[in-house]
Amino acid sequence: ARGLLMSNGLFRLEGLDPAFAINNKTFLKAYQASGENDMLRGIASEFKLPNPWTALAFYSQTRIDAHLETQSNGSNSTEISGWTRLLTSGYHRTISELEQRKNLKEEWFGGHMGYRFSAVEIGLSLLHRRFNMSNFKEPFAIPTKMDMSFISVDYKLHSTNMRTEGEIASDPSGHVAHAHTSLLGLGKKCSFNISYSHYDPGFYSNRSQVNSQSTYSWNEERLNLGMQLQPHYKLQMNISGNFSTIPLPESTIGSKQAEWDYHLSISYTERKKYKVRLQFHTIQSLTLFESERTHDIRSGNHIIQTQAYLEQIISRNLDWKLRAIWKKNLSGGIPSQGIAFAIDGRYKFPNGKWTANGRIVLFDIHDYQVRIFINENDVRYHFNLSALSGKGIRMYLNLRYKPVSKLTLEAKFEVTTLHEQAENRALK
């Protein structure tokens with residue numbers, strides 16, 4: 001329900017819109033993304049049972065990339081003793097990456113049983129995960145067992161103005177994780193949500209709980225508050241804030257990173273004409289080194305970012321967006337800042353077969369710490385988050401051609417030019 005067993009569920013618990021914190025249904029869904037690490041391949045089924053029961057089951061078998069550990073067997077040869085880390089990038093560019101390709105077989109099977117009565121839903125999930133070889137030594141939380149079983153209980157409560165849902169999960173070692181969210185409607189003009197999640201430091205369910213290449217754990221504790229106000233049907237305001245703590249890698253045992261994150265978004269919409277939006281975002285993070293008697297703050301960042309948008313629909317086939325982004329690092333030392341201006345456009349040709357969209361962005365960013373991230377449109381099933389740093393210009397153009405209803409051709413053209421003033425030259 002909350003994604004504690006098959007993923008980490010972190011990204012569902014935050015956002016400007018309170019409604020995004022609610023997961024509407026436990027169901028089977030086809031995988032539609034370019035990443036191969038979370039894809040399951042097998043068979044799944046939802047069963048029709050007499051009301052109020054629901055049930056689903058699945059079985060998956062895939063091969064994943066892993067680094068194998070070898071040891072000498074005493075006869076001038078080596079044998080595989082286990083695996084030490086997973087390769088989650090999806091890249092197979094070097095000899096080392098090719099050697100790690102599809103070395104490990106992974107099996108998942110299990111199911112979910114749900115029961116609904118009145119305004120209450122409860123469910124039970126049982127999952128089993130199996131590898132074809134035992135793990136040798138994985139940093140942080142991945143167990144050494146070939147076979148692992150998991151269990152979770154989820155619930156949903158509904159009423160006229162309130163919806164609450166959550167999940168409690170346990171891994172094979174008895175470590176527990178839980179996540180809970182409540183959405184409250186205060187009339188038609190205001191809604192409020194509160195979300196809380198907590199993972200035991202050793203909790204492990206899926207690869208997403210540990211970044212295996214950096215030994216960085218995503219197990220965390222997070223509190224998120226969000227509110228949406230709509231005093232007028234053209235005016236909308238979203239406010240959210242969250243606090244989280246995340247344990248740091250093994251090399252800094254006893255330390256954690258604490259983070260405060262606040263968002264404010266105000267938008268005004270003139271239906272079918274234009275939309276103006278202003279966003280303010282501030283984030284402060286501290287690295288805490290804990291000992292028996294004290295909490296020592298060794299490092300920290302405080303970054304603020306402001307964005308202004310203007311979106312205009314010129315016609316049914318043409319629209320454009322203008323945005324300005326300013327970001328500043330207020331941490332110790334000499335403050336650094338960055339600014340970017342971007343213009344986006346989309347045009348759909350009258351024949352309905354061709355669609356084009358593109359962007360031109362000018363940026364001047366003084367330091368890598370204040371690099372600016374902008375989501376980009378890309379070819380289908382490919383996600384691109386552009387990180388801008390330095391001084392330059394970036395442009396891209398997406399083209400889509402659909403000659404027949406069941407065939408779509410897409411292409412992307414992009415170029416980035418960085419101006420290095422010190423060397424008085426441009427890198428392309």
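**Figure 1. A salt-bridge network.** Glu 376, Asp 378, Arg 394, Lys 412 and Glu 414 are joined in a network of salt bridges. A salt bridge here is a side-chain nitrogen of Lys or Arg within 4 Å of a carboxyl oxygen of Asp or Glu. The structure contains 17 salt bridges. The model is predicted: local features need pLDDT of at least 70, side-chain atom pairs count only at pLDDT 80 or more, and totals for chains, interfaces and linings use all residues. Residues are numbered from 1 along each chain as its sequence is written, and side-chain values use heavy atoms, with hydrogens and water left out.

**Figure 2. The protein chain as a whole, for orientation.** The protein chain has one helix and 25 strands. Helices (H or I, at least four residues) and strands (E, at least two) are DSSP runs, numbered from the N terminus. Of its 428 residues, 35% count as buried. Buried means under 20% relative accessible area, exposed over 50%, and partly exposed in between (1.4 Å probe, protein chains only). The accessible surface of the protein chain is about 24700 Å², and carbon and sulfur atoms hold 57% of that surface. Accessible areas come from the Shrake-Rupley method with a 1.4 Å probe; for residues, only the protein chains shown count as cover. Among contacts with a separation of 6 or more, 51% are between residues 24 or more positions apart. A contact means heavy atoms within 4.5 Å.

**Figure 3. The salt bridge between Glu 107 and Arg 130.** The side chains of Glu 107 and Arg 130 form a salt bridge with an N to O distance of 3.5 Å. This pair links distant parts of the chain, with Glu 107 in strand 5 and Arg 130 in strand 6 (residues 120-131), 23 residues apart. Glu 107 counts as buried because its relative accessible area is 10%. Arg 130, at 31% relative accessibility, counts as partly exposed.

**Figure 4. The salt bridge between Arg 346 and Asp 319.** The closest N and O atoms of Arg 346 and Asp 319 are 2.7 Å apart in this salt bridge. Distant parts of the chain are linked by the pair: Arg 346 belongs to strand 19 (residues 336-348) and Asp 319 to strand 18 (residues 318-329), 27 residues apart. Arg 346 has a relative accessible area of 28% and is therefore partly exposed. Asp 319 is partly exposed too, with a relative accessible area of 22%.

**Figure 5. The salt bridge between Glu 165 and Arg 163.** In this pair, the closest N and O atoms are 3.9 Å apart. Both Glu 165 and Arg 163 are buried.

**Figure 6. A positive surface patch and Lys 102.** Arg 41, Arg 63, Arg 101 and Lys 102 form a positive surface patch. Patches are made of residues with over 30% relative accessible area and no salt bridge, with like charges joined within 9 Å and nonpolar side chains (Val, Leu, Ile, Met, Phe, Trp, Tyr) within 5 Å. Lys and Arg count as positive and Asp and Glu as negative, while His and the chain ends are not counted. The place of a charge is taken as NZ of Lys, CZ of Arg, CG of Asp or CD of Glu. Lys 102 sits in the loop between helix 1 (95-99) and strand 5 (104-117). Its relative accessible area of 33% makes Lys 102 partly exposed. Phi of Lys 102 is near 55°, a positive value in a residue other than glycine.

**Figure 7. The surroundings of Thr 62.** Thr 62 is part of strand 2 (residues 53-64). With 5% relative accessibility, Thr 62 counts as buried. Apart from neighbours within four places in sequence, the contacts of Thr 62 are Met 39, Leu 40, Arg 41, Leu 104, Lys 105 and Glu 106.

**Figure 8. The surroundings of Gln 284.** Strand 16 (residues 274-290) includes Gln 284. Gln 284 counts as partly exposed because its relative accessibility is 34%. Not counting residues up to four places away in sequence, Gln 284 touches Ala 258, Glu 259, Trp 260, Asn 301 and His 302. The C-alpha atoms of Gln 284 and Asp 261 are 6.5 Å apart, although 23 residues separate the two along the chain.

**Figure 9. Backbone geometry in two loops.** The peptide bond from Asn 51 to Pro 52 is cis, with omega near 10°. Pro 52 lies in the loop between strand 1 (42-47) and strand 2. Ser 118 is not a glycine but has a positive phi of about 55°. Ser 118 is located in the loop between strand 5 and strand 6. At 70% relative accessibility, Ser 118 counts as exposed.
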